Amino acid sequence: MSSQELQFIITEDLFLFKEDLKTDVSQPEKPVDTEPQSNLVQEPKPELKVSPVPDHEEKPAPIQVRGAFEKGILVLHEEVELPEPVMEMLVKMIGAVGHSMKSVGMLSSEQVEGRSLEELYELNPHIILKFGRIKHPVNAIPTTEYHIHNEAGVEYLFADALSSIAEDKILKGKLWNTLKILFNISK
């Protein structure tokens, strides 16, 4: 078959590896001809598309946590932005368990969507407080809301969305009782 006919059969792009570039693939070996050179018809050479093959896979940028995150307390929340009254409740809640907001790192559901559990663990959290619905593999942790679960040295507490808790005294009470156990508070 001629190269013209081959282009209709092989429709995919051809890629070369670095090792292939050492040899000149655009110059095929010349066959030994028994016919005189004058009778040969030169066919146009097909164009090869060479795409570089990356040496390594690029990793996405690390997750950027809002806050100082000094004590490894990670707050995952459903809301993109926390309204001021909800943020005030969160600050009071963190203060009531003996920590300041410097102890906490915060991530919204939007910030962790599409990220892996391994990427979350790379942040080295000691406690993960998940509030509301979050599109993330952390949901696979086998725990129920308002119960503490310990897995691989990380303590988990899943609860309703912070905006829902801020509006409901019963949910506030459930959260406070669970936080007292989690942070070993005997008030």
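The model is predicted: local features need pLDDT of at least 70, side-chain atom pairs count only at pLDDT 80 or more, and totals for chains, interfaces and linings use all residues. Residues are numbered from 1 along each chain as its sequence is written, and side-chain values use heavy atoms, with hydrogens and water left out. Helices (H or I, at least four residues) and strands (E, at least two) are DSSP runs, numbered from the N terminus.

**The sheet**

- An open sheet of 5 strands has the order β2-β1-β3-β5-β4, with mixed pairing; two strands pair if DSSP finds at least two bridges between them.
- The edges are held by β2 (104-108) and β4 (148-151), each of which has a single partner strand, so one side of each is left without a neighbour in the sheet.
- On average, neighbouring strands of this sheet are turned by 20 degrees against each other, direction ignored; axes are lines fitted to C-alpha atoms, for helices over the stretch in contact, and angles run from 0 to 180 degrees between N-to-C directions.

**Strand β5 and its partners**

- β5 (residues 154-159) runs antiparallel to β4, and 4 bridges join the two.
- Within this pairing, L157 in β5 stands opposite I148.
- The strands β4 and β5 form a hairpin with 2 residues between them, and A152 in the turn has a positive phi of about 55 degrees.
- With β3, β5 pairs in the parallel sense over 5 bridges; E155 in β5 is the bridge partner of I127.
- Of the 6 residues of β5, 5 are buried, so the strand is largely enclosed by the rest of the structure. Buried means under 20% relative accessible area, exposed over 50%, and partly exposed in between (1.4 Å probe, protein chains only).

**Helix α7**

- Helix α7 (residues 169-182) lies across β3 (127-131), β4 and β5, and runs at about 175 degrees to β5.
- The 14 residues of α7 reach 20 Å from the first C-alpha to the last, close to the 20 Å expected at 1.5 Å a residue; the expected span is 1.5 Å times one less than the number of residues.
- L171, L175, T178, L179, K180 and L182 are buried in α7, and what covers the buried residues of this helix includes α3 (84-96), β3, β4, β5 and α6 (162-167).
- At the start of α7, a side-chain oxygen of D168 comes to within 2.9 Å of the backbone nitrogen of I170.

**Arginine 115**

- R115 is found in the loop between α4 (109-112) and α5 (117-121), and R115 is buried, with a relative accessible area of 18%.
- Leaving aside neighbours within four places in sequence, R115 is in contact (heavy atoms within 4.5 Å) with P60, A61, P62, I63, H136 and P137.
- I63 and R115 are 52 residues apart along the chain, and their C-alpha atoms are separated by 8.4 Å.
- A polar atom of the R115 side chain lies 2.8 Å from the backbone oxygen of A61.

**The aromatic pair**

- The structure holds 1 aromatic pair. Y156 and F158 form this pair, which is edge-to-face, at 6.3 Å centre to centre and 90 degrees between the planes.
- Rings of Phe, Tyr and Trp (its six-membered ring) pair if their centres lie within 6.5 Å; planes under 30 degrees apart count as stacked, over 60 as edge-to-face and the rest as tilted.
- Y156 counts as buried at 0% relative accessibility, and F158 is buried with a relative accessible area of 6%.

Conventions. Polar contact = N/O pair within 3.5 Å; in protein donor to acceptor, adjacent residues only side chain to side chain.
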